[in-house]
Amino acid sequence: MDSKPFTEPGARPPAPVKIVIAGGFGVGKTTAVASISEIKPLTTEAAITSVAASVDRTGHVPAKTTTTVALDFGCITIDEEVKLYLFGTPGQDRFGFMWQDLVHGALGALVIVDTRRMDDCYPAVDYFENAGLPFVVAVNMFDGTLGHNLEDVRWALAVGDEVPLITFDARQKLSVRDALLAVLHNTFKKARAQAGAGA
């Protein structure tokens, strides 16, 4: 990926593509955006209070001291044709009212899963299924390990085989890139299938 601006005379800027990054509290959304963004990411992090800690069930992520309260934003130029604009959602249910605005205009979504707290990502999966927005489920490899077999994860989330299920590391730029490319490929595949059905 070359993040340098295109300066050739007459060159067309890459097409903007909006991708949403969703999932439960502390699964790695902010980390993923920060790992790959070619600009300094916009974050809306606030300190976790003792009251919020009890509501958000921080037991599995005791080192986490801040949380996203609005969105994370970053961007990455994939090639001369496509530039991704990344919008990370807040993970807590109490900020769910913001999702409609964040998802508006998106072509696809990446749902990040922490297998230690699988139930935290159910709302995101349900939201994108109901909205009809193509999405990919990405299991974040905390400490480089996979806690459960991917087919067990698919069964637990009750997602069909048509939904790609991958592993990635939110801390690694190339790993995040591959996850985002999976979202693009899935979106284009769905679009081609719908075009073929309508022909």
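Reader: Where does Tyr-127 stand on the scale of relative accessibility?

Author: The model is a predicted one. Buried means under 20% relative accessible area and exposed means over 50%, with partly exposed in between. Tyr-127 has 29% relative accessibility, so this residue counts as partly exposed. Phe-128, at 0%, counts as buried.

Reader: How many aromatic pairs are there?

Author: A pair of aromatic rings is described by the distance of the centres and the angle of the planes. Centres have to lie within 6.5 Å, and planes over 60 degrees apart count as edge-to-face. The count by this rule is four aromatic pairs. For Tyr-127 and Phe-128 the ring centres are 5.7 Å apart and the planes stand at 90 degrees, so this pair is edge-to-face.

Reader: Which residues form an aromatic cluster?

Author: Phe-73, Tyr-85 and Phe-87 form one. The ring of Phe-87 also has a charge over it: the charged end of Lys-18 sits 4.5 Å from the ring centre.

Reader: What does Ala-106 touch beyond its sequence neighbours?

Author: Ala-106 is in the loop between α3 (99-103) and β5 (108-113). If residues up to four places away in sequence are not counted, Ala-106 touches Lys-18, Val-20 and Leu-133. Its relative accessible area is 12%, so Ala-106 is buried.

Reader: Which residues of helix α1 are buried?

Author: An α-helix has 3.6 residues a turn, so residues three or four places apart point the same way. In α1 (residues 29-36), the buried residues are Lys-29, Ala-32, Val-33, Ser-35 and Ile-36. Viewed down the axis of α1, they fall within an arc of 160 degrees, so they line one face of the helix.

Reader: And which residues of α5 are buried?

Author: Val-153, Arg-154 and Leu-157 are. Their arc around the axis is only 100 degrees, which puts them on the same side of α5. Glu-151 and Trp-155, on the other side of α5, are exposed. The cover over the buried residues of α5 includes β5, α4 (122-131), β6 (135-140) and β7 (165-168).

Reader: Arg-154 carries a charge-bearing name in that list. How is Arg-154 classed, buried or exposed?

Author: Its relative accessibility is 10%, so Arg-154 counts as buried. A polar atom of the Arg-154 side chain lies 2.5 Å from the backbone oxygen of Gly-160. Leaving aside neighbours within four places in sequence, Arg-154 is in contact with Val-159, Gly-160, Asp-161, Val-163, Pro-164 and Leu-165.

Reader: What is found at the start of α5, and what follows the helix?

Author: At the start, a side-chain oxygen of Asn-149 comes within 2.7 Å of the backbone nitrogen of Glu-151. After α5 comes Ala-158, with a positive phi near 60 degrees.

Reader: How many helices and strands does the protein chain have?

Author: There are six helices and seven strands, and from the N terminus on they run β-α-β-α-β-β-α-β-α-β-α-β-α. Of the 199 residues in the chain, 47% are buried. Among contacts between residues at least 6 apart in sequence, 75% join residues at least 24 apart. The accessible surface is about 10,500 Å², with 55% belonging to carbon and sulfur atoms.

Methods: Residues numbered from 1 in each chain as written. Predicted model: local features only at pLDDT ≥ 70, side-chain atom pairs only at ≥ 80, totals over all residues. Heavy atoms only, no water. Phe/Tyr/Trp six-rings, centres within 6.5 Å; stacked < 30°, edge-to-face > 60°. Buried < 20%, exposed > 50% of the residue type's maximum accessible area, 1.4 Å probe, protein only. Lys NZ or Arg CZ within 6 Å of the ring centre and 35° of its normal. Polar contact = N/O pair within 3.5 Å; in protein donor to acceptor, adjacent residues only side chain to side chain. Contact = heavy atoms within 4.5 Å. Helix = DSSP H or I, 4+ residues; strand = E, 2+ residues; numbered from the N terminus. Arc of directions from axis to C-beta. Areas by Shrake-Rupley, 256 points an atom, 1.4 Å probe, with all protein chains shown as cover.
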